[in-house]
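Subject: Structure handover and notes

Dear colleague,

Please find below the structure I promised to pass on to you. My notes come after it, and I would be glad if you read them alongside the coordinates.

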Amino acid sequence: HAIRSSCKPFYAGGTPRYELTEEGIKLNGVCAGGGFAHRVLNKSNVFSLVTSIFEEDSVITDSDMDLYIEIIKRIAHLSENNNSKLVIAYINVTDEQLANTRWNNKSIITELSNFATVVDVTLAETREELDSRFYNHERDTHPSAIANEYRAAIIFPYIQN
């Protein structure tokens with residue numbers, strides 16, 4: 001979600017835009033783009049292919065990660081103030097996505113564990129190893145209902161009380 005919170009992908013359009021300040025995070029409007037026309041056009045495989053060439057929506061930077069961590073810290077703080085426990089279902093990021101940062105999956109989990117319970121719900125080490133039952137289609141890698149059931153079973157012990 002560091003990618004989304006940095007407003008890089010087109011589908012972040014219209015979602016809250018935050019900036020990192022000396023005082024922490026600050027809401028600064030909404031992410032640009034992602035309007036109705038763009039969403040309709042994106043249903044086209046040709047449009048998706050062309051835009052994917054020009055978008056760098058999978059490159060995470062240290063500043064993206066810093067913002068993401070601060071957003072999660074704020075959520076943890078709000079949860080604590082509401083007598084709630086923040087549980088983060090974490091799915092490993094690819095090494096390629098983190099290549100331009102000082103982060104890796106272990107250091108991200110360690111950092112998030114400082115203020116939340118982190119549960120690793122990664123279902124395979126690599127995308128290629130992921131059982132096809134766990135995603136909708138090779139071009140739509142959103143989790144399937146079966147993947148969500150598996151992840152729910154992993155998370156359940158952390159939230160049952």
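The notes below cover the fold, the salt bridges, the aromatic contacts and the surface patches.

This is a predicted model, in which local features need pLDDT of at least 70 and side-chain atom pairs count only at pLDDT 80 or more, while totals for chains, interfaces and linings use all residues. Residues are numbered from 1 along each chain as its sequence is written, and side-chain values use heavy atoms, with hydrogens and water left out.

The protein has six helices and six strands, taken as DSSP runs numbered from the N terminus (helices are H or I with at least four residues, strands are E with at least two). Along the sequence these elements follow the pattern α-β-β-α-α-α-β-α-β-β-β-α. Of the 161 residues, 28% count as buried, where buried means under 20% relative accessible area, exposed means over 50%, and partly exposed lies in between (1.4 Å probe, protein chains only).

The structure holds six salt bridges, each defined as a side-chain nitrogen of Lys or Arg within 4 Å of a carboxyl oxygen of Asp or Glu. One of them joins Lys8 to Asp64, with the closest N and O atoms 2.6 Å apart. Because Lys8 sits in the loop between helix 1 (2–5) and strand 1 (16–21) and Asp64 in helix 4 (residues 62–81), this pair ties together parts that are 56 residues apart in sequence. Lys8 is partly exposed at 31% relative accessibility, whereas Asp64 is buried at 7%.

Another salt bridge is formed by Asp66 and Arg102, at 2.8 Å from N to O. It links distant parts of the chain, since Asp66 belongs to helix 4 and Arg102 to the loop between strand 3 (87–90) and helix 5 (105–112), 36 residues apart. Asp66 is partly exposed, with a relative accessible area of 26%, while Arg102 is exposed at 53%. These two residues also belong, together with Asp62, to a network of salt bridges. A further salt bridge pairs Arg133 with Asp131, the closest N and O atoms being 3.2 Å apart; Arg133 is partly exposed at 39%, and Asp131 is partly exposed at 32%.

For aromatic contacts, rings of Phe, Tyr and Trp (its six-membered ring) pair if their centres lie within 6.5 Å, and planes under 30 degrees apart count as stacked, over 60 as edge-to-face and the rest as tilted. By this rule there is one aromatic pair. Phe134 and Tyr150 form this pair edge-to-face, at 4.9 Å centre to centre and with 70 degrees between the planes. Phe134 lies in the loop between strand 4 and strand 5 and Tyr150 in helix 6 (residues 145–159), so the contact ties together parts that are 16 residues apart in sequence. Phe134 is buried at 8% relative accessibility, and Tyr150 is partly exposed at 39%.

Which residues make the nonpolar surface patch of about 320 Å²? They are Phe156, Tyr158 and Ile159, and Ile159 is placed in helix 6. Patches are made of residues with over 30% relative accessible area and no salt bridge, with like charges joined within 9 Å and nonpolar side chains (Val, Leu, Ile, Met, Phe, Trp, Tyr) within 5 Å; accessible areas come from the Shrake-Rupley method with a 1.4 Å probe, and for residues only the protein chains shown count as cover.

A patch of negative charge gathers Asp95, Glu96, Asp120, Glu125, Glu128 and Glu129 on the surface. Here Asp and Glu count as negative and Lys and Arg as positive, with His and the chain ends not counted, and the place of a charge is taken as NZ of Lys, CZ of Arg, CG of Asp or CD of Glu.
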